[in-house]
Structures are given as C-alpha cells and as structure tokens.
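User: I've got a chain to go through with you. Can we take it piece by piece?
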Amino acid sequence: MQAPTLTFLGHAGFLMTDSSPVTGTRSMKFELFDAASAGNLLWTETQTVQIYNGRFSVGLGSSTSMTSTIL
C-alpha cells in the first residue's frame with residue numbers, strides 16, 4: 001500500500017493595519033475559488049500565523065488537504 005502524498009502550496013505575504021506593519025499572532029483564513037468573481041469555493045483553511053514586521057509565510061494545505069484536482 002502506498003502512503004498518501006501531502007500537497008502543500010507555499011504562500012508569503014505582507015500584512016498592514018492603518019499603514020503600519022503587523023507583528024504578532026493572527027488567525028488567518030485562506031480560500032481558493034474556481035473563478036475570480038462569483039466562483040465556487042474549492043478549498044478553505046484557517047491557520048494561526050506568526051507575523052513579524054508585516055511579513056508572514058504559510059504552507060497552505062497543512063491542516064486541510066489540497067487535492068491534485070484543486071492544484
């Protein structure tokens with residue numbers, strides 16, 4: 001039996017509030033749709049993200065699996 005393959009998508013971003021970079025821990029929700037507007041939701045995940053000076057990096061798919069169909 002073959003072990004399941006985990007699929008992750010790296011994502012980095014910059015977060016500001018009132019023109020100031022955010023530092024701290026935030027809960028962030030990520031979603032993928034099949035169209036730019038009025039699309040169907042294909043995947044969603046919420047992660048607790050560490051942000052330093054506005055910068056953050058996450059591995060999307062680390063808590064809610066992404067299938068090869070989505071990617």
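User: Which residues make up the largest nonpolar core?
Analyst: This is a predicted model, where local features need pLDDT of at least 70, side-chain atom pairs count only at pLDDT 80 or more, and totals for chains, interfaces and linings use all residues. Residues are numbered from 1 along each chain as its sequence is written, and side-chain values use heavy atoms, with hydrogens and water left out. The largest nonpolar core has 10 residues: Val 22, Met 28, Phe 30, Trp 43, Val 49, Ile 51, Phe 56, Val 58, Leu 60 and Met 66. A nonpolar core here is a set of buried Ala, Val, Leu, Ile, Met, Phe, Trp, Tyr and Cys residues joined through side-chain atoms within 4.5 Å. Buried means under 20% relative accessible area, exposed over 50%, and partly exposed in between (1.4 Å probe, protein chains only).

User: Which strands each supply at least two residues of this core?
Analyst: Strand 4 (24-33), strand 5 (41-51) and strand 6 (55-60). Helices (H or I, at least four residues) and strands (E, at least two) are DSSP runs, numbered from the N terminus.

User: And what is Ile 51 in contact with, leaving aside neighbours within four places in sequence?
Analyst: Leu 15, Val 22, Thr 23, Gly 24, Arg 26, Met 28 and Phe 56. Contact means heavy atoms within 4.5 Å.

User: Back up a bit. How many helices and strands does the chain have?
Analyst: There are 0 helices and 6 strands. The order from the N terminus is β-β-β-β-β-β.

User: How much of the chain is buried?
Analyst: Of its 71 residues, 20% count as buried. The chain exposes about 5,300 Å², and carbon and sulfur atoms supply 53% of that. Those areas come from the Shrake-Rupley method with a 1.4 Å probe; for residues, only the protein chains shown count as cover.

User: What share of the contacts join residues at least 24 apart?
Analyst: 47%, among contacts between residues at least 6 apart in sequence. Leu 9 sits in strand 1 (residues 9-14).

User: Why does Leu 9 count as partly exposed?
Analyst: Because its relative accessible area is 36%.

User: Switching to charges. How many salt bridges are there?
Analyst: The count is 1 salt bridge. The rule is a side-chain nitrogen of Lys or Arg within 4 Å of a carboxyl oxygen of Asp or Glu. The pair is Glu 31 and Lys 29, at 3.4 Å, N to O.

User: How accessible are Glu 31 and Lys 29?
Analyst: Glu 31 has a relative accessible area of 37%, so it is partly exposed. Lys 29 is at 57%, so it counts as exposed.

User: What about Glu 45, is it buried or exposed?
Analyst: Glu 45 is buried and has no salt bridge. The nearest side chain of opposite charge is Lys 29, 12 Å away. Lys and Arg count as positive and Asp and Glu as negative; His and the chain ends are not counted.

User: Which backbone nitrogens lie by polar atoms of the Glu 45 side chain?
Analyst: The one of Gly 61 is 3.1 Å away. The one of Ser 62 is 3.4 Å away. The side chain of Gln 47 also makes a polar contact with that of Glu 45, at 2.6 Å. A polar contact is a pair of N or O atoms within 3.5 Å; within protein, one must be able to donate a hydrogen and the other to accept it, and residues adjacent in sequence count only if both atoms are side-chain atoms.

User: Where does Gln 47 lie, and why does it count as buried?
Analyst: Gln 47 lies in strand 5. It counts as buried because its relative accessibility is 12%. Beyond four places in sequence, the residues it touches include Arg 26, Met 28, Phe 30, Val 58 and Leu 60.

User: Last topic. Which loop holds Asp 18, and what is its phi?
Analyst: Asp 18 is in the loop between strand 2 (16-17) and strand 3 (20-21). Its phi is positive, about 50°, although it is not a glycine. At 74% relative accessibility, Asp 18 counts as exposed.

User: And the phi of Ala 38?
Analyst: Positive too, about 55°, and Ala 38 is not a glycine. Ala 38 is in the loop between strand 4 and strand 5. Its relative accessibility is 87%, so it counts as exposed.
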